[in-house]
Structures are given as C-alpha cells and as structure tokens.
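Please read this briefing alongside the sequence and the coordinates. The notes are grouped by topic, moving from one chain as a whole to individual residues.

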Amino acid sequence: MSRKILQTSQDPNDSEAYCWTNKNLNNVESLLEIGTMGAGHATTALSEIVHEQIEVEVPRLHTAPPHLVPKIYGRHERPTTVIYMQLKGELDGDIMLAFDADEAKQIAAMMTMTPNQDEVDPALEKSAMEELGSIMICSFVSAIADFAEIQLIPTPPQLVTDTFDAIIDGFLAKQALVCDIALMFDATFRRTHSKAGGTIILFPSLELQETLLKKARKLVS
Amino acid sequence: MSEKMGHDSSSSAKETIGAYTWTANKCMNLGVLLELGSIGVGHAATALSQILQEPISIDVPKIHTLPSHLVSKFYARHDNPTTALYMQLIGDSECDILLLFDTDEAKRIAALMTMAPSPEELDPEMEASAIEELANILIGAFLSAMSDFVDVKLTMTPPQRVVDSFDAIIDNFLVKQSMVSEIAIIFDTNFKRAGGLADSLSSCILMMFPSKEIQNVLIEKAKDWLQTPPPKPDDNIVCAPNSNLNVAEAKPEEIRK
C-alpha cells in the first residue's frame, strides 16, 4: 500500500514495520469493503454464465512485502490460467482472474457447450476464457467505478497460462517500483460442484487507492 | 520455531502470513483492541498529569503487527539507557505491560514527585520507589478503565523496575511472543510531558504485549458489549430521580457528618 496511506509515524526507520492506528485501519476497511462490492458483482456474473451456484470466500486485502506474497497464496508451481486486464486512463491498476488450468478448461467446455473438456478446440477455449474474463472483470470494475464515480477503462483481456508465481511476479514487480509494501485485494470463489476455484485479484495503483479512499471518506462523513 | 514447539508447521506459516492479510473480521478485531487501548491510555494520561501537575500530551495509540526481529529496529532506541517498569496481568490469560522511560527522564520525574531540589540529589532508593508508585498508578488507571468498559477482571502484579538498554529490555517480551507466533503484537503509545525535553527520546512509552488468550477475551467481551442494545433515552429520564438523585442527596449528608 502507499506509504502515505499506511504510515502515520514520521519515523524514517520504520519502513518495514506495520503499525496500525484508527486512521489506517479505517483505510484498510474501506478498501476491503469497496473490493467486496466489486467481487460480489463479478461472481454474480459468473453464476449467470455457468448457470450454477457460486460459493464466495471472505474477501481479503493483503498488505505485505512483495517477496512474501507468493507465500500468502501458497500456489507456487500450480499451472494457472490467468485472464489479465489493465486499467487505463487517469487511474491505473491491474486486475487478473486466475483459474486452475483444469478448472479453466472445464468452464470453457461449459461455455462452448462441448460435452467433454478434452474436446474443446484450443482456440475456442482461449476465446471463451477471454470472454469470461472480460465479463467478470468488467462487472468488477464497473461496480467500483460506479461507487467512486470515476472512469475506469480496461484494456482487452489477455490470456496467460503459466505457474501461479511466475504470473503474479510481474504485477508485484510493478508495485515494488513505487512502494515497499504491495497491496492487493482478492476474492476466491468456487462453483458448488467443482473442486477447484478461481480468484480475482486487484492490484490498485497508489492513485487509485487514494481516489477510492477519498470517495469512501466522503460517503461516511 | 514451530517444529521445536511441537506445533504443526503449516499452521505457523499461516500465522506469519496472516499478519499481512485483512478480512472484515480482522479489521474489526484490531479496531476493537485499539479502541480499548485508547480508552485505557486516556485514563493513564490523566493520572500522570495529575501526579506531575503538568499537561501531558499523548501520541495516537498504535498497534504494531510485525515480525519480532524487526521490533527493535522499529523503535530504534537500541542502546539508550532505559528505566522500565514491568507488570503482568494476574489470571489465566497472560499479558505483559511495560512502562519505559529514558533513564534521565525517569530521574527527573522522580525528583518532581519527591520534591527533591534537583535530579542529582535524589536518593536512589527514593527514586526507585517513586517510579514504581508512578507505574502502579498509571497502569492501574489504564487497566481499570479497560476492565470497567469490557467487564473483565484485570489485575496486575506489583511493578518491577529494571534499568538496562532498550533492546535488552524488550527482547525478553518478544521472545515470549515469538514462542507462539512469529508476529509480535504490541500496543503502544507515547506520553510527553510539556515540561520535558523536546527530544522525543525523553518521552514515556506504554507498551502492552497481549497474548492470544487475552486478545480473544477482550475482543469477545467488547463485541458482546456492542451487541447489547443501548439503553432507551426514556429509561434514563425515568431512572434519574431514583438513582442519580439518591447519590446526589447522599453526598451533602456525608459532608455534614
């Protein structure tokens, strides 16, 4: 998270410390709440697409040194299919939708009405997943944008399949350039009849964090 | 660490990592602890100000959640001579409370309390006794404010006085916390005397190292309190003639006697 947002102490020595006062706890809570709202919309969209009930885990916000983030997720080498979109415009950020590679295949099969997940045409699978990502991420983003009354314009979705750590490293590096603590919001959801689930992860930029907080504060006061 | 303690190592890893992850529930819990601490600190500051007959300013109370090995770096007072008063909660749930003064500042305060003309002329035994008394009063006020609020019995051991370098003192407490979790949780605040040196090192720090159990007890009780409906405004008005007036009437009688 932005040092500006988290830090209340003026001490230059506490760069690695985590100290919580009412003020920055409130900030964390507001960001979490805003994210939860977006995640709710995104999972509703997914449930409409696959015509299934979706279970959502408690949404979480992480504020950690970037090198510890892979440990938080603990998915290290698992093959993961990620649909990635970037926010462009005055406020930027990265959003990704991560599925276990198997789960992604299954969902693609459902979307393309292929009876067997091994028979899905790879090109069709890619297109279906991108479409799914587009729908879910856009509903996530538009919920946030509506709330904060800002414009958030996502780029077209990009599909990557790689190990989980390899994928998030890129995003973490980007955040590490501007501050020594990474902030990300995530919400994990699962189809009721499936073992594996998906995770939607938002890496807001410092400006986006601050804009959202400003808006939240205005609403509260 | 966790394997030595015979715990499941994966649960310990989660604990470490958990410090960085926020859910709505966790925000709430930490907020509750912080608020309780703030209530206590307000009373403690009042007590200190009454003893010293001076305005006292307090820093915003904070909770630190950080890996134990970073704590001494965080305070950055490494080898400063420090007078510490150590107290512990009595009961099932463990909790260490520390009151830390810069050694010079402790002398000055003791001189004020004992009306000694200058800190140098102060009898060392007198100084120890005065500072211990101060800690008793301060921490007593701190704990009783908290215990009144959440309705938990919080009593403490008599204070023990230590003079050592800052890091040496807090290390002990960090070790204790790191036996159960790799993340130290510390509640702290700074008191500053208006008459003290402008240098922040001359301030007094109140630190609390809550154990898991005491955290849970406090949070649960506070949440219970939040859920009990507030008394209706009508009740207060109805009650006032019965209860409050009785008290008001009793006082003048006592004075007359």
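**Overview**

Chain A has seven helices and nine strands. Its radius of gyration is 18 Å, close to the 17 Å that the globule rule gives for 221 residues, so chain A is as compact as a globular protein of that length. The model is a predicted one, and the points below should be read with that in mind.

**Chain A: dimensions and packing**

- Along the principal axes, the C-alpha trace of chain A spans about 60 × 35 × 30 Å, and buried residues account for 40% of its 221 residues.
- Helix α2 (residues 22–50) and helix α7 (residues 206–220) of chain A have axes that come within 10 Å and cross at roughly 95°, which makes α2(A) roughly perpendicular to α7(A).
- On the α2(A) side, this contact is made by Asn27(A), Ser30(A), Leu31(A) and Ile34(A), while α7(A) contributes Gln209(A), Leu212(A), Leu213(A) and Ala216(A).

**The nonpolar core**

- The largest nonpolar core has 115 residues, and those with the most contacts inside it are Phe140(A), Ala44(B), Leu99(B), Leu138(B) and Phe142(B).
- Helix α5(B) supplies the largest share of this core, namely eleven residues.
- Leaving aside neighbours within four places in sequence, Ala44(B) is in contact with Leu138(B), Ala141(B), Phe142(B) and Leu206(B).

**Helix α4 of chain B**

- The twelve residues of helix α4 of chain B (residues 103–114) should span 16 Å at 1.5 Å a residue, and the end C-alpha atoms are 16 Å apart, which agrees with that expectation.
- The buried residues of α4(B) are Glu105(B), Ala106(B), Lys107(B), Arg108(B), Ile109(B) and Ala110(B), and they pack against α2 (24–52), β4 (81–90), β5 (95–102), α5 (124–150) and β9 (204–210) of chain B.

How values were computed: Residues numbered from 1 in each chain as written. Chains lettered and ligands numbered in written order. Predicted model: local features only at pLDDT ≥ 70, side-chain atom pairs only at ≥ 80, totals over all residues. Helix = DSSP H or I, 4+ residues; strand = E, 2+ residues; numbered from the N terminus. Expected span 1.5 Å × (residues − 1). Buried ≥ 20, exposed ≤ 12 C-beta atoms within 10 Å, placed from the backbone. Contact = placed C-beta atoms within 7 Å. Core = buried A, V, L, I, M, F, W, Y, C linked by C-beta atoms within 7 Å. Rg over C-alpha atoms; globule rule 2.2 N^0.38 Å. Axes fitted to C-alpha atoms, helices over the stretch in contact; angles between N-to-C directions. Parallel < 35°, antiparallel > 145°, perpendicular 65-115°, else oblique.
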